[in-house]
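Hello,

Here is the structure I said I would pass on. My notes on it follow below, grouped by topic.

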Amino acid sequence: MADLPAVPSDAPASTPPPEPSGSALGFAKGFGLTFSTMFKKVYTQQYPFDFYPTKPRYHGRHVLNRHPDGLEKCVGCELCAWACPADAIYVEGGDNTDEERYSPGERYGKVYQINYLRCIFCGLCIEACPTRSLTMSNEYELALDNRQELIYTKEQLMAPLLPGMEAPPHPMRLGEDDKDYYTVELQAPLSEGPPQSTANVAGKPITGHAIEVGRHHG
């Protein structure tokens, strides 16, 4: 190992940086802010005893929506899984048949899972969904002590059957072709639909509503 060069004895010593010097005005500003907030009333939300609604566009737990006749909007295209930057979505498509139909298209989501241990709630999967099957609710209570329970399956993500809906599989009720389900109707503006789900894991109602966009494609 080579020896380090010797430092000349007459070399000037390095001087440490000067210490920051405070001023009376700086101290007054700092302590003024402290004293101005010291005597204000502290407002604490009593969570989880009080349940506070979120903003309407809050990104919470996902929901797989249905058509008004009960068929699933998901067509098993897997675009949401490709768009997910955290690789949190797993989709396995299946083929519809005349005897067993789950969606208006040729395929449906046979297996659908979202791993909430990975999900960052960015909403890119929502943007990628071509049928607006996948939306996000306002539910945020997803903390559990079991990692396996944070992998949500299709049964947990599917929106509940509302009055007038029929549990699939069943034939198409809104038309003879899948275009009848996704063709826009100019005379029928988009409207706010029923609640996305009746309750979350904790048994509390979800405040978000599904936007009826089943006929948004032209």
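**Gly93 and its surroundings**

Leaving aside residues up to four places away in sequence, Gly93 touches Gly76, Glu78, Arg107, Tyr108 and Lys110. Gly93 itself sits in strand β2, which covers residues 89-95. With a relative accessible area of 21%, Gly93 is partly exposed, since the cut-off for buried is under 20%.

**Overall picture**

Please keep in mind that this is a predicted model. The protein has 218 residues, and buried residues make up 31% of them. Its secondary structure comes to five helices and seven strands. Along the sequence these follow the pattern α-β-α-β-β-α-β-β-α-α-β-β. If we take the contacts between residues at least 6 apart in sequence, 73% of them join residues at least 24 apart. The protein exposes about 14800 Å², and carbon and sulfur atoms supply 58% of that area.

**Salt bridges**

How many salt bridges does the structure hold? There are five, and three of them are described here.

In one of them, the side chains of Glu72 and Lys154 meet, at 2.9 Å from N to O. Glu72 is in the loop between β1 and α2 while Lys154 is in helix α4, so this pair ties together parts that are 82 residues apart in sequence. Are these two residues buried or exposed? Glu72 is buried, at 6% relative accessible area, and Lys154 also counts as buried, at 11%.

Another salt bridge joins Arg118 and Asp87, with the closest N and O atoms 3.6 Å apart. Arg118 belongs to the loop between β3 (107-115) and α3, and Asp87 to the loop between α2 and β2, so the pair ties together parts 31 residues apart in sequence. Arg118 is partly exposed, with a relative accessible area of 44%. Asp87 counts as exposed, because its relative accessibility is 52% and the cut-off for exposed is over 50%.

A further salt bridge is formed by the side chains of Arg173 and Glu166, at 3.0 Å from N to O. Arg173 is partly exposed at 46% relative accessible area, and Glu166 counts as partly exposed at 35%.

**Backbone**

Most residues other than glycine have a negative phi, and most peptide bonds are trans. The following residues depart from that.

Asp87, described above for its salt bridge with Arg118, has a positive phi of about 55 degrees although it is not a glycine. Its loop runs between α2 (79-83) and β2. Arg132 is also a residue other than glycine with a positive phi, near 55 degrees. Arg132 is found in the loop between α3 (124-128) and β4, and is partly exposed with a relative accessible area of 25%.

Which residues are joined by a cis peptide bond? Pro48 is placed in the loop between α1 and β1. The peptide bond from Pro168 to Pro169 is cis as well, with omega near 10 degrees. Pro169 is in the loop between α4 and α5.

**Surface patches**

Phe27, Phe31, Phe35, Met38 and Phe39 make a nonpolar surface patch of about 630 Å². Of these, Phe39 lies in the loop between α1 (24-38) and β1 (62-64). At 71% relative accessibility, Phe39 counts as exposed.

There is also a patch of negative charge on the surface, where Glu106, Glu176, Asp177, Asp178 and Asp180 gather. Glu176 is in the loop between α4 (154-157) and α5 (179-182) and counts as exposed, at 77% relative accessibility.

**Arg147**

Where does Arg147 lie? Its place is the loop between β4 (134-136) and β5 (151-152). Arg147 counts as exposed at 60% relative accessibility. The C-alpha atoms of Arg147 and Leu117 are separated by 7.5 Å, with the two residues 30 apart along the chain.

Regards

Note on methods:
Residues numbered from 1 in each chain as written. Predicted model: local features only at pLDDT ≥ 70, side-chain atom pairs only at ≥ 80, totals over all residues. Heavy atoms only, no water. Patch = residues over 30% accessible without salt bridge, like charges linked within 9 Å, V, L, I, M, F, W, Y side chains within 5 Å. Areas by Shrake-Rupley, 256 points an atom, 1.4 Å probe, with all protein chains shown as cover. Salt bridge = Lys/Arg side-chain N within 4 Å of Asp/Glu carboxyl O. Lys, Arg positive; Asp, Glu negative; His and termini not counted. Charge placed at Lys NZ, Arg CZ, Asp CG, Glu CD. Helix = DSSP H or I, 4+ residues; strand = E, 2+ residues; numbered from the N terminus. Buried < 20%, exposed > 50% of the residue type's maximum accessible area, 1.4 Å probe, protein only. Contact = heavy atoms within 4.5 Å.
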